Amino acid sequence: MMMRTIKKAVALALVAVLGVALLTGCNTNGGDGVHAQGITDDEIRIGMVFPVSGWAAFFGVPIHDGIEAVLNRANAHGGIGGRQINFIFYDDQGLPEVGHVLIETLLEEDRVFALMGISGGQAAMSLDYMLDFGVPILNITGGAGFLYSEYDPGSMLFNIQPSNNIDSPLLLARALATPVFGPNRDQYLPEDGIIGFLTAPTEAGFELAAVLESVATEIGVRDRIIVDFATADIYPTMVHQMMTAGVSTLIYAGMGGMAISAAMYDAGWYVPLFATYGLSTITSWSVETYSPQRPIFANIWAEDTSPQALEMLRDMRDSLNYLPRISSAEADGYIDNGFARAGYLTGMVMVEALQRFVDLGLDFTWENFVTAMEHAPFSLGGTPTFSYANGRRMGVESLALWEFWVNAQGEAEVAIVSEFSDLEEILAPWRARTGR
């Protein structure tokens with residue numbers, strides 16, 4: 001059984017032994033070699049600060065549960081080389097200032113070996129502190145571009161999901177290059193068609209807009225883009241404005257899929273809707289506001305239809321059996337929850353990385369965490385292979401196109417309608433067709 005205790009003090013004798021380790025991040029662990037903090041003969045302490053209450057609980061709870069289920073299963077199967085994973089978790093309630101204090105607690109009192117998670121607020125407030133401390137970080141929800149690097153040797157920040165700098169340009173490319181327009185949904189966006197882009201007035205939203213505008217300028221379509229920032233309470237107003245402006249398709253970069261589709265439904269606005277990868281889950285949309293005249297698409301970084309992906313989902317469901325506090329029905333529901341899937345995938349990367357220490361005969365040091373992560377690419381069912389070799393810290397870089405629809409029985413269905421591709425692969429046919 002996984003330990004979820006929170007240690008509030010350290011015995012004086014242990015402090016004396018680890019005095020140097022507080023400064024260096026490493027300590028000598030008996031005769032078992034040199035290990036970083038958080039490693040004993042029988043445990044590996046992994047920490048996480050994440051919102052499972054408050055406004056962000058809708059994504060925090062399933063991500064946390066997906067991670068915990070995987071770590072619980074690893075423990076039930078003998079742990080990592082005989083060591084049990086001690087998952088120490090704190091709820092920051094979606095408040096970055098609370099999260100900062102709790103991250104300090106994890107690193108300086110609980111003395112964890114590695115961190116998982118990072119919400120956007122944590123990244124903005126606490127990233128410098130975490131990096132200065134030197135702890136390895138497995139990042140799942142902060143898509144901000146400053147977290148990602150194509151070349152940063154020795155960096156302890158390992159991203160899994162795509163960057164915002166990849167997400168919104170790919171949506172622009174999909175809108176330009178996907179034949180879903182016209183009465184039969186088999187035509188391309190007209191050469192003079194206007195593309196609307198709606199996102200939140202937040203740091204993430206500004207970044208998503210800026211990189212989309214940059215790519216639009218580069219490929220010569222900036223004059224056809226209308227960019228707006230709005231919160232959900234004024235979506236009806238924004239929809240009306242875009243209708244009046246003659247927008248032919250909407251790119252939506254936010255988390256309120258049901259809210260924006262409801263606003264479009266109420267306004268009778270029938271144009272294709274392209275959404276960011278955070279909305280590539282069946283639970284993000286409503287059957288009540290769907291219309292085949294308003295097709296709904298989203299980027300996706302972990303598909304669920306190929307044989308490899310279906311095997312991944314079966315394995316995810318198996319891992320959820322090791323989370324006894326949720327019911328079987330809740331576990332079944334998590335299979336269709338994109339956030340729970342993201343948590344599962346993050347847990348799988350952590351377990352594989354820790355197992356590489358054992359397989360490669362490495363001491364559990366932070367420097368060797370880099371070695372373990374860079375040793376080989378990660379190939380998880382449903383995702384493109386991604387690699388951290390040679391200082392690359394980009395995570396998944398190719399996305400597929402996902403579609404939501406409602407069948408004749410009134411049931412929601414989803415499918416992958418275009419394979420994993422990068423920006424230039426998507427734009428190539430459009431360039432050939434338009435001569436751009």
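Which residue forms a salt bridge with R436? I looked this up in a predicted model. The partner is E191, and the closest N and O atoms are 4.0 Å apart. R436 sits in the segment after α14 (423-434) and E191 in the loop between α6 and β8, so I note a link between parts of the chain 245 residues apart. I find R436 partly exposed, at 38% relative accessibility. E191 is also listed as partly exposed, at 42%.

**Entry: salt bridges**

I counted 16 salt bridges. One of them joins E403 and R185, with the closest N and O atoms 2.8 Å apart. E403 lies in strand β13 (residues 399-406) and R185 in the loop between α6 and β8 (194-199), so this pair ties together parts that are 218 residues apart in sequence. I checked the accessibility of both partners. E403 is buried, with a relative accessible area of 10%, whereas R185 is partly exposed at 28%.

I then turned to R393, which forms a salt bridge with E374; here the closest N and O atoms are 3.0 Å apart. R393 belongs to the loop between α13 (366-374) and β13, while E374 is in helix α13, 19 residues apart from it. R393 counts as buried, at 1% relative accessibility. E374 counts as partly exposed, at 24%.

I also noted a network: D65, E68 and R325 are joined by salt bridges that share partners.

**Entry: D167**

Is D167 buried or exposed? I find it buried, and it has no salt bridge. The nearest side chain of opposite charge belongs to R174, 9.0 Å away. A salt bridge needs the nitrogen and the carboxyl oxygen within 4 Å. I placed D167 in helix α6 (residues 164-177). Its side chain does reach the backbone nitrogen of Y277, at 3.4 Å.

**Entry: cavities**

How many cavities of 30 Å³ or more does a search of the whole structure find? I recorded one. For the largest cavity I wrote down a volume of about 50 Å³.

Next I listed the residues that line the largest cavity: V49, I103, L115, M116, I118, Q122 and M130. Sorted by class, the lining has six nonpolar residues, one polar residue and no charged residues. I also asked which elements each supply at least two residues of this lining. They are β5 (114-117) and α5 (120-133).

Key: Residues are numbered from 1 along each chain as its sequence is written. This is a predicted model: local features need pLDDT of at least 70, side-chain atom pairs count only at pLDDT 80 or more; totals for chains, interfaces and linings use all residues. Side-chain values use heavy atoms; hydrogens and water are left out. On a 1 Å grid over the protein atoms alone, a cavity is a set of points where a 1.4 Å probe fits but cannot get out, and a pocket is an open set with protein on both sides within 12 Å along at least five of seven lines; lining residues have an atom within 4 Å of a point. Grid points are joined across faces, edges and corners, and a volume is the space filled by probe spheres set on the points. Helices (H or I, at least four residues) and strands (E, at least two) are DSSP runs, numbered from the N terminus. Ala, Val, Leu, Ile, Met, Phe, Trp, Tyr, Cys and Pro count as nonpolar, Asp, Glu, Lys and Arg as charged, and the others, Gly among them, as polar. Buried means under 20% relative accessible area, exposed over 50%, partly exposed in between (1.4 Å probe, protein chains only). Lys and Arg count as positive and Asp and Glu as negative; His and the chain ends are not counted. A polar contact is a pair of N or O atoms within 3.5 Å; within protein, one must be able to donate a hydrogen and the other to accept it, and residues adjacent in sequence count only if both atoms are side-chain atoms.
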